[in-house]
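Here is a short briefing on how one protein chain packs together. Have the sequence and model at hand as you read.

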Amino acid sequence: MKVVSFCRVLFVCSVVFLLAGCAGTQNSEGSQPSAVENSDQSEVVQKLAKRYDQAFVAPFTIAPEYGKDYPDAAATLRRSMMDGLKAGNKFSRVETLYKGQRATGRALIIKANITKLRIASTAARFWGGPFAGSSGIELELQLIDGATGKVVRTKKMSSWNNSWAASWNFGASDRSLLDDVGKIMAKYVLQTIPEQ
């Protein structure tokens, strides 16, 4: 009798958790969003005034208070964005811009500064589930004309995952946050480049 009661309680708790997880991952249109949500996904991206055929990516920076806890975050985000730019096939060259180096030709210089970052640890997600909170990032992206040194676009970007979805996928979206956002950044940059 006690075993049956325990099984019923376990079943009810499982159903409640499942329903709460589903409710937490529904957007207003009823479709399932990805674990990483980006508020800028639906915006129409304005093209830059001229076409660039080379991209030079400066080392990304991070606010000191977050750099202590996430020392590899800027490099990981930058690597992911560069991979996305290379895969986009809009630039003949995608390279690192080293300190003191000058970009030549029709070059676009890309810089980014991470202003806020939180990534729930695997242990926190395992033990706390959705109560470990959301993982997310806020940053400022700068696109600079290599010939003139003039900033041609500044874009604030942010992405925060759904804590219920992150719990449901056992923290996979926490661990992939920087790679996912790097791809979003690359997609944005590629969209700014005119066709001609």
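Predicted model: local features only at pLDDT ≥ 70, side-chain atom pairs only at ≥ 80, totals over all residues.

Residues are numbered from 1 along each chain as its sequence is written, and side-chain values use heavy atoms, leaving out hydrogens and water.

**Nonpolar cores**
- A nonpolar core is a set of buried Ala, Val, Leu, Ile, Met, Phe, Trp, Tyr and Cys residues joined through side-chain atoms within 4.5 Å; buried means under 20% relative accessible area, exposed over 50%, and partly exposed in between (1.4 Å probe, protein chains only).
- The largest core has 34 residues, and those touching the most other members are Leu 85, Phe 91, Leu 108, Ile 110, Ile 137, Leu 141 and Met 185.
- Two or more residues each come from β2 (54-57), α3 (73-88), β5 (107-118), β6 (136-145) and α7 (177-192), where helices (H or I, at least four residues) and strands (E, at least two) are DSSP runs numbered from the N terminus.
- With 8 residues, α7 gives the most to this core.
- Another core, of 7 residues, lies apart from it and includes Ala 58 and Leu 97.

**Helix α3**
- Its buried residues include Leu 77, Met 81 and Leu 85.
- The buried residues of α3 pack against β2, β3 (61-62), β4, β5, β6 and α7 (contact means heavy atoms within 4.5 Å).

- Asn 89 sits in the loop between α3 and β4 (93-96) and is exposed, at 66% relative accessible area.
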